[in-house]
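My entries follow the order in which I looked things up.

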Amino acid sequence: MTACFALSPDRPPFGFASRVDALAALLDRAARQQPCVLASSLSVEDNVLMHAISVAALPIEVVAIDTLKLPQTTHAVAAEMERATGRTIRWLRPEVTALIAHAGSHRFEAIYHSRAARERCCTVRKVDVLAAELAGKAAWVTGLRRAHSEGRETIETEHWDTRFALRKFNPLAAWSDEDVWWYTRVHGLPFNGLYERGYASIGCEPCTRAIRPGEPLRAGRWWWEQNGQQGGECGLHLAPPPASESVEVVV
Ligand code: SF4
């Protein structure tokens, strides 16, 4: 697979209009379940969602987790997206006491030597922060796509999130790299400059690298744990549910 930025198309991908219609229908459906939030990582996918939400003036708040380890380019694109959409991003940050406790038990560099230490860092800086935010919410929206990795190949556009106990919408589940980049281009959306440097999936700075030609899109995430294969997960997204629990919206 080639880095998605390099695939930026010069014409609409086949079926693009119908996928945009389906996106609008799914976001409208999500917005009917209140309170509902978009959890943005400022990825190119999440920027598509933030733009579509703002165009439709939907009551879906945009939140983002500042792990305190994000690249400067992520903060820069966040400010650009706020200007482009007129929407405010509400930043969520880890508990200081949890950070201090974690720092007291592990040097930060332990994430490169111990999967448990890495997962604990993700728990403190991301998962616990998101769990606190989603408590009491009716639904959340994410930019997950089936094309991201083998582990995401079966995600549904809507399902019950058993981990956080609310409905989860993945309106871009069926979107291709070309769809996302075509939408970004035609709407003139800002995007993280790291995409132009070979990054295909962007998280915390110490845990993200550019991918090489032929590598999967998420191979640059926690690469030292992956043997150059599919790329891992930080714990925000569990495996998809059985099909019987899912609702697929087709427009
Ligand atoms: S991605 Fe890396 S720096 Fe960010 S929370 Fe996880 S282990 Fe920590």
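I first listed the buried residues of helix H5: Ala-117, Arg-118, Cys-121, Cys-122, Val-124, Arg-125, Lys-126, Val-127, Val-129, Leu-130, Glu-133 and Leu-134. Buried means under 20% relative accessible area, exposed over 50%, and partly exposed in between, with a 1.4 Å probe and protein chains only. The model is predicted, so I kept in mind that local features need pLDDT of at least 70 and side-chain atom pairs pLDDT 80 or more, while totals for chains, interfaces and linings use all residues. Residues are numbered from 1 along each chain as its sequence is written, and side-chain values use heavy atoms, without hydrogens and water.

I then looked up the packing partners of these buried residues: strands E1 (36-40), E2 (61-65), E3 (89-92), E4 (139-141) and E6 (166-169), and helix H4 (96-105). Contact here means heavy atoms within 4.5 Å. Helices (H or I, at least four residues) and strands (E, at least two) are DSSP runs, numbered from the N terminus.

H5 covers residues 115-134 and bends by about 50 degrees at Thr-123. The bend is the angle between axes fitted to the seven residues ending there and the seven starting there. Just after H5, I noted a positive phi of about 90 degrees at Gly-136.

Which residues surround the ligand? I found Lys-69, Phe-108, Arg-118, Cys-121, Cys-122, Arg-125, Lys-126, Cys-204, Cys-207 and Trp-222.

Last, I checked Trp-222, in the segment after helix H6 (177-186). Trp-222 counts as buried because its relative accessibility is 1%. Its C-alpha atom is separated by 8.9 Å from that of Arg-118, 104 residues apart along the chain.

Note on methods: A residue is near a molecule or strand if one of its heavy atoms lies within 4 Å of it.
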